[in-house]
Amino acid sequence: MDKAFPRLRARDDLFTSFINHMLQSKLFYKTNKPSFASELRTGEEKSAISNELLVNAGFIDQLMAGVYSFLPLGFSVLKNVENIIRKNMIDAGGQEILMPVLQPKENWIKTGRWNNLDVLFKVNGSGDKEYALGPTHEEVVSPLAKKNVFSYRDLPISVFQIQTKFRDELRAKSGLLRTREFLMKDLYSFHANQEDLDKYYEKMIKVYFNIFKELGIGKQTYLTLASGGTFSKYSHEFQMVTDAGEDIIYICNKCKTAVNKEIKNETPACPNCSSDSFVEKKAVEVGNIFKLGTKYSLPFDLKFKDSDGSEKPVIMGCYGIGLGRSIGAVVEASHDEKGIIWPKEIAPFLVHLIEINPSTGSGQAKKVKATAEKIYQDLQKQGIQVLYDDREDKSAGEKFAEADLIGIPYRIVVSEKTLAKNSVEVKERNKKSTKLVKIKQLSKLFK
RNA sequence: CGGGGUAUUGUGUAAUGGUAGCACGAAUCGUUUGGGACGAUUUAGUCUCGGUUCGAAUCCGAGUACCCCGACCA
């Protein structure tokens, strides 16, 4: 991989360099006490917990219904998620491209979706011109492939992008779980025959599970047979079980694959293993993959010359993951009454370094700060992403409460107390216990 | 798109039709310093438009926005 993409390593560095370290006193954010923690909370009509936490911890900001800004903390998480997905797509042979959001009406007329797709945003240009804001990119990628695929020798091939999508949802809801503007990874694969698509599709299922595992929601995510919408008879959704989800899935007790509501009504037995024992769960769809077949190659006349000289339509597949929705799903799955608990892989920082200012006049203030700063520098040298709470006007309690809310995996506390033992206190966000670690030993902790 | 609800300062909330208040936040000063610490001072608000009224945050009408339920959801 490194040979094939010699610049990948450098790109990773570039993508993450701006968030490797940060002084909390300079960080662009503000926290609020989440209202679910407040006694005033009445409970009814509450929004999704993930939204409450992400907003109050300063990760995202709502501009309007279903439209959010990502602040530095949230953007950092977003970039981590993006890189996990990117890495997996490249491993699966995908080549990254970037297609336009603004798309010609003509292409959407051609596929019949200009008038049939309710969620399509239409915008006016000068004169009588109309354009679509891409809710998905078949109408762009198909004609694009036509310019690059001519022969069976050009197949199979797959391209992907991580790009903003627009869908005019009738009802945006539950924070990042259902928005009108969102980042999505969409990969499109092109094949010479159905068998090749089938093979790639099965491979992609494995790749997707690997992604959700790396995102920290692998255990509660189920492959779910669903209807294919306008694309195909069937598709597969990746559904993460959570009460905040708006879908209902039926998980087979025997083989642990799932079906959605529509399929359950059509075929009461498990299509995979014929079992009729299911458990019903609420879930959110974090990914969806389709066998498009010739649905889009035909209207765009996307054909290739096969080895026997015959001309055939290209067989297509598409594979999507919503990035923001995945982040919301992770928070739904991983939080407690104090705040978010980020999986290490996508946490905005790996370490939250906190200095606790000794009482003035103790003579220890300078030593605590100097030690914290030294650790801050050392962690950076090790390539560890660290947020340093260097604020001098905040009490210990406030710093701890805020650290729990933000949810960084490792909390390292430097105080007069720990220095007396030449140590720092290390606590993992998902554990209750703390431990003292000698400062000299600290560098080994993250190896 | 149908139904329901809400709209008061950055956030969370009070105020019989009669002086818009409280808490958090933010700012200054001082005291604190291992779980959102304390005191003092300060900052900032009635969604918009119209109506009723001597007087409207409050009542009425329209609009807008947001939230919830449903429908919808490549």
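1. Two residues are in contact if their C-beta atoms, placed from the backbone, lie within 7 Å. Keep that cut-off in mind for the helix pairs below. The model is a predicted one.

2. Start with helix H3 and helix H9. Val77, Leu78, Val81 and Glu82 of H3 are in contact with Leu323, Ser326 and Ile327 of H9. By type, the residues of this contact are five nonpolar, one polar and one charged. The axes of H3 (residues 72–91) and H9 lie 10 Å apart, at an angle of about 110 degrees. H3 is therefore roughly perpendicular to H9, because angles of 65 to 115 degrees fall in that class.

3. H9 has another helix to meet. The axis of H2 comes within 8 Å of the axis of H9 (residues 323–333), and the two cross at roughly 100 degrees. So H2 is also roughly perpendicular to H9. On the H2 side, the residues involved are Ile49, Ser50, Leu53 and Leu54. On the H9 side, they are Gly328, Val331 and Glu332. This contact of H2 with H9 counts four nonpolar, two polar and one charged residue.

4. Where is alanine 48? Alanine 48 sits in the loop between E1 and helix H2 (49–56). Is alanine 48 buried or exposed? Alanine 48 is buried, because 23 C-beta neighbours lie inside 10 Å and the cut-off is 20 or more. Leaving aside residues up to four places away in sequence, alanine 48 touches Ser174, Gly175, Leu177, Ala244 and Glu332. Glu332 also belongs to the H9 side of the contact with H2. The C-alpha atom of alanine 48 is 8.4 Å from that of lysine 173, although 125 residues separate the two along the chain.

5. Now a hairpin. Strand E2 (residues 60–64) and strand E3 (residues 67–70) run antiparallel and are joined by four bridges. Glutamine 62 has tyrosine 68 in E3 as its bridge partner. Two residues lie between the strands. Glycine 66, in this hairpin, has a positive phi near 80 degrees.

6. Helix H6 (residues 138–146) has a buried set. Which residues of H6 are buried? They are Glu138, Glu139, Val140, Val141, Ser142 and Ala145. Among the elements that cover them are strand E5 (102–104) and helix H4 (105–110). Strands E8 (157–166), E9 (181–191) and E17 (315–322) are also included in this cover.

7. Check three backbone details. Most residues other than glycine have a negative phi, and most peptide bonds are trans. The peptide bond from leucine 155 to proline 156 is cis, with omega near -5 degrees. Proline 156 lies in the loop between H6 and E8.

8. Serine 274 is not a glycine, yet its phi is positive, at about 70 degrees. Find serine 274 in the loop between helix H8 (261–266) and strand E14 (278–293). Serine 274 is exposed, because 11 other C-beta atoms lie within 10 Å and the limit is 12 or fewer.

9. Aspartate 301 also has a positive phi, near 55 degrees, and is a residue other than glycine. Aspartate 301 is in the loop between E14 and strand E15 (303–305). Aspartate 301 counts as exposed, with 11 C-beta neighbours inside 10 Å.

10. Step back to the whole chain. Chain A is divided into domain 1 (31–336) and domain 2 (351–445). How far apart are the centres of domain 1 and domain 2? The centres, taken over C-alpha atoms, are 40 Å apart.

11. One open sheet has six strands, in the order E1-E21-E20-E22-E23-E24. Its pairing is mixed. Why is one side of E1 and of E24 left without a neighbour in the sheet? Strand E1 (21–23) and strand E24 (434–438) stand at the edges, so each has a single partner strand. Neighbouring strands are turned by 20 degrees against each other on average, direction ignored.

12. Inside this sheet, strand E20 (residues 351–355) pairs with strand E21 (residues 386–389) in the parallel sense, over four bridges. Leucine 353 stands opposite tyrosine 388 in E21. Helix H10 (residues 365–381) packs on the sheet. H10 touches E1, E20, E21, strand E22 (410–414) and strand E23 (423–428). The direction of H10 makes about 165 degrees with that of E20.

Terms used. Residues numbered from 1 in each chain as written. Chains lettered and ligands numbered in written order. Predicted model: local features only at pLDDT ≥ 70, side-chain atom pairs only at ≥ 80, totals over all residues. Pairing = 2+ DSSP bridges. Axes fitted to C-alpha atoms, helices over the stretch in contact; angles between N-to-C directions. Domains from an automatic or database assignment. Parallel < 35°, antiparallel > 145°, perpendicular 65-115°, else oblique. Nonpolar A, V, L, I, M, F, W, Y, C, P; charged D, E, K, R; others polar.
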